[in-house]
Amino acid sequence: MAYSLSISVTTNSQSVANNSSNVTVKVNCSWTYGTWSGENLTKYCTIDGTTRYFSDTDINPNKTTSGSSTLYTWTGDIKHNSDGTKKLKVYASTKTTNNSGTQTASKEVTLTTIPRASTVSATSAVVGSQSTITISRKSSSFTHTLKYTFGSLSGTIATKTTSTSVKWTLPTSFYAQIGSTATSKSGTITCETYSGSTLIGTKTASFTAKTSSATCAPTLSPTVTNYESTQALTGDTTTLIRYYSDAHIVFNASARNSATLKSKKVTNSGKSRTTDGDISKVTSGTFSFTATDSRGYTTTKTVTNKLVNYVKLTCDFKVNLAVDGTGTLKVNGNCFNGSFGAVSNTLTVQFRYKRSGGTYSDWITTTATISGNTYSVNRALKDYDYQTTYVFQARAVDKLYTITASEKSVKALPVFDWGESSFNHNTSVTLA
């Protein structure tokens, strides 16, 4: 009696999700002549590395002619490799109780490859900086092509890369897609998985492109200058004089990266403006600037100019006239006793007078005594008619201002005057 073994493998179905194939394995026994009666077979079969044993079976065909019989049938799931490929190996062996001996058979079947696309993820990033794209692949032999879509833009990041971590700098053209008011927008990364030149599958992931204050806040380069009228005094274009200078403001502000400039403002000691121009009669050299864009990002800068601490010029006076034709003129006030930078301040104190209804005399310069930032004048008067009313004026003049005091009328009284019921002794009259 002679016999032999054969193996058949049939694929029933495949599961992409489980990366497996459902197969049926059959082991067949064939004989060629003689009578096979009452002989037992000790047999086993190894499928994909797992050996399966069976109890002895009497096939007892009782035939004198050739024939065959199925010894074993197995149906089950075979797990594929991580790249979706699989070579299934089956081995069978039998041993009879007579002299027919041991028979073996083996078979290797290449199962249909199951597509195994790699998964992908990407980190959010500020436009102009790097996003990290991570690829989780099923086989080290896989390569990947990475593409992006963002608004109306699209492009290729990498072609058939072998890396599983790709650094990608987000293009600055993304700003226009984000828009002038939004601060972020989502896009899509597409990962194409290749085994050699064969496209296995495609996966996608979202990413977020962001704006930031560091890259999008408005530019701001403000300047503060004085006018030519004071440059001769200060010696430069930036030194300001307190209470006098009109500061010329220029913002030099611009929005960035597809935003628009929404507002701007400068403040100086309670005064403010929102456009280029002048802040009049400044009292501080510190100017605080802000510029805000349509996304809400703000840039703030402070410009500090040198400030001359000018003291406002004032002028007040008193006149005393006596009946003997003499008198005194007293003038006092505040003044700036210092330098503007290139030129020192000067002070001239003058007075004039006239008979009531008459014409003023020329301005008469008198000597002032300056102490710190104050001055005073004490001048003797003579040759006045005590019977006449006089009108006096005084003024102070420095490099910036002329301050003229209001007119004051004064008349001396006689030494004695009496009426029906009064008698007065007068020495002089003071105009307060």
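**Salt bridges and strand pairs**

Modeller: The side chains of Lys86 and Asp48 meet in a salt bridge, at 2.9 Å from N to O. Keep in mind that this is a predicted model.

Biologist: Where do Lys86 and Asp48 sit in the chain?

Modeller: Lys86 is in strand β7, residues 86-96. Asp48 is in the loop between β3 (40-47) and β4 (50-53).

Biologist: Lys86: buried or exposed?

Modeller: Lys86 is buried, with a relative accessible area of 11%. The cut-off for buried is under 20%, so 11% falls inside it.

Biologist: And what about Asp48?

Modeller: Asp48 is partly exposed, with a relative accessible area of 31%.

Biologist: Why would two such side chains pair up at all?

Modeller: Opposite charges can pair when the charged atoms come close.

Biologist: How many salt bridges are there in the whole structure?

Modeller: A search of the whole structure gives 5.

Biologist: Which residue does Lys147 meet in a salt bridge?

Modeller: Lys147 meets Glu192, with N to O at 3.4 Å.

Biologist: Glu192: buried or exposed?

Modeller: Glu192 counts as buried, at 14% relative accessibility.

Biologist: What does Lys281 form with Asp246?

Modeller: Lys281 forms a salt bridge with Asp246. Their closest N and O atoms are 3.8 Å apart. The limit is within 4 Å, so this pair counts.

Biologist: Where are those two?

Modeller: Both are in loops. Lys281 is in the loop between β24 (277-279) and β25 (286-293). Asp246 is in the loop between β19 (240-241) and β20 (247-250). They are 35 residues apart.

Biologist: What about their accessibility?

Modeller: Lys281 counts as partly exposed, at 38%. Asp246 also counts as partly exposed, at 28%.

Biologist: New topic: strands. In which sense do β9 and β11 pair?

Modeller: Antiparallel, over 4 bridges. β9 covers residues 119-122, and β11 covers residues 130-136. Thr119 stands opposite Ser136 in β11.

Biologist: How many bridges join β11 to β14?

Modeller: There are 5, and these strands run antiparallel. β14 covers residues 165-169.

Biologist: Which residue in β14 does Thr132 stand opposite?

Modeller: Thr132 stands opposite Lys167 in β14.

Key. Residues numbered from 1 in each chain as written. Predicted model: local features only at pLDDT ≥ 70, side-chain atom pairs only at ≥ 80, totals over all residues. Heavy atoms only, no water. Buried < 20%, exposed > 50% of the residue type's maximum accessible area, 1.4 Å probe, protein only. Pairing = 2+ DSSP bridges.
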